[in-house]
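Please look at the model below before reading on. The paragraphs after it walk through a few of its residues.

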Amino acid sequence: MISHTEENYLKVLYNLTSLKGEASVNDISKQLDIKMPTVNSMMKRLAEKELVVYESYKPLKLTDEGKKLAALIIRKHRLTEMYLVEKMGFGWEQVHNIAEQIEHIQAPEFFEKMDELLGFPKVDPHGSPIPDAEGNIASDSYVKLSDCKVGDTVTFMAVQPSSEDLLKFLTSRELSLGLELKIKQIEPFDGSMAISYGSKENEMLSSKVCDKLLVSKKRKKK
């Protein structure tokens, strides 16, 4: 058994290494807003439990056991978010903090039943993949909306990274996962985009927002 605090460190390290390929004590310190000596102490403790590979002045790595444990924490978090949205009617912007608490429950059968009731979803409400019961996580080939070109037609697949304010903004613009987006114009000065979707014919999105929307490009017919 490991503590809630240790679980949080593992989850942050997993997310950082997935995003950047590696992570440092300084990265974790900034992410958690915790002083570096405290992070160093925790990394040594997790290394003693054979969950982290820790060497002074070298990037941090999760061991295979550490990766699996972190992925299973993320699985519980994302299943909980999905359950809150699909079964309890919460908005996608409301579920993160609740899931942060529930993810620490040590009852695998509870989350397996949740998975079953949901119909074994592959992604959470924000489009992030849900690891399976063995800690395996599927990869995707999404691109940022900001990397697309005028004339592209894409499908909105995920928000990454998401935040409560961003999700509220997307809801106010009636932007939800699965929508088909057509890029009509890109402003050369600031990269903002004019897109059409649903009943919206000329919706402007800043480059900051477009950077956080992940999309799947439609294959052009030959």
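What follows covers a serine, a histidine and an aromatic pair.

This is a predicted model, in which local features need pLDDT of at least 70 and side-chain atom pairs count only at pLDDT 80 or more, while totals for chains, interfaces and linings use all residues. Residues are numbered from 1 along each chain as its sequence is written, and side-chain values use heavy atoms, with hydrogens and water left out.

Ser29 lies in helix α2, residues 25-32 (a helix is a DSSP run of H or I with at least four residues, numbered from the N terminus). Ser29 has a relative accessible area of 11%, so it is buried (buried means under 20%, exposed over 50%, partly exposed in between, with a 1.4 Å probe and protein chains only). Leaving aside residues up to four places away in sequence, Ser29 touches Ile34, Lys35, Met36 and Val39 (contact means heavy atoms within 4.5 Å).

His104 sits in the loop between α5 (96-102) and α6 (108-118). His104 counts as buried because its relative accessible area is 9%. Its side chain makes a polar contact of 2.4 Å with the side chain of Glu7 (a pair of N or O atoms within 3.5 Å; within protein, one must be able to donate a hydrogen and the other to accept it, and residues adjacent in sequence count only if both atoms are side-chain atoms). The His104 side chain also reaches the backbone oxygen of Glu100 at 3.4 Å.

How many aromatic pairs does a search of the whole structure find? It finds one. The ring centres of Phe110 and Phe111 are 5.0 Å apart and the planes are at 85°, so the pair is edge-to-face (rings of Phe, Tyr and Trp, the last by its six-membered ring, pair if their centres lie within 6.5 Å; planes under 30 degrees apart count as stacked, over 60 as edge-to-face and the rest as tilted). Phe110 is partly exposed at 40% relative accessible area, whereas Phe111 is buried at 2%.

How values were computed:
Helices (H or I, at least four residues) and strands (E, at least two) are DSSP runs, numbered from the N terminus.
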